[in-house]
Amino acid sequence: SIRPAEGHQEAKGGLAMTQITISNGTTSVTMPRTKKVEVGGEEVGKSRTMASGKVIKRIIGTRATVIAKWDAIPAETITSLLLLLKSGGFFSVSYPSPSGDSAGTFSIGYPTLGIFGFVNGAPVWHDVTLRMEAQEVS
């Protein structure tokens, strides 16, 4: 289930997380500060069409989704993230949300990587997007 996360920073008007952390229980990767975080949900339910043609919908709940975007991430961080994601399964994720800092168990797709380049001589990936989908329905 989604719960308040630890490791946040005090900010004006409340608590604000500056980074997303992903863990498989033994290894963690803390991502740099995000450019944008989209927190939403997908309705989970079943629809059935009756003999009369009327559609009946039974809503089970909402599955949280988090889409995080970065301008640039060091190549070393991307390598660590890809190694972590290759371990498979679900991951513990702490992330900023509209209700404050949150954490939950998520399925995470491989990141979309934009352009590879160098910033001050250090290798980085630009325009990185990561999509996460909660394991549980609330």
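This is a predicted model: local features need pLDDT of at least 70, side-chain atom pairs count only at pLDDT 80 or more; totals for chains, interfaces and linings use all residues.
**Entry 1: β6 and β7.** I started with strand β6, residues 36-49, and looked for its link to β7, residues 55-74. The two run antiparallel, and I found 14 bridges joining them.

**Entry 2: the turn.** Next I checked what connects the two strands. β6 and β7 make a hairpin, with five residues between them. Glycine 53 sits in that turn, and its phi is positive, at about 100°.

**Entry 3: β7 and β11.** I then followed β7 to another partner. Strand β11 covers residues 122-134 and runs antiparallel to β7, with nine bridges joining them. Here I looked up alanine 72, and its bridge partner in β11 is histidine 126.

**Entry 4: asparagine 120.** Where does asparagine 120 lie? I found this residue in the loop between β10 (116-119) and β11. Its phi is positive, about 50°, although asparagine 120 is not a glycine. Is the residue buried or exposed? Asparagine 120 counts as exposed because its relative accessibility is 84%, and the cut-off for exposed is over 50%.

**Entry 5: aspartate 127.** My last stop was inside a strand: aspartate 127 belongs to β11. This residue, also other than glycine, has a positive phi near 55°. Its relative accessibility is 45%, so I put aspartate 127 down as partly exposed.

Definitions and conventions
Residues are numbered from 1 along each chain as its sequence is written. Side-chain values use heavy atoms; hydrogens and water are left out. Two strands pair if DSSP finds at least two bridges between them. Helices (H or I, at least four residues) and strands (E, at least two) are DSSP runs, numbered from the N terminus. Buried means under 20% relative accessible area, exposed over 50%, partly exposed in between (1.4 Å probe, protein chains only).
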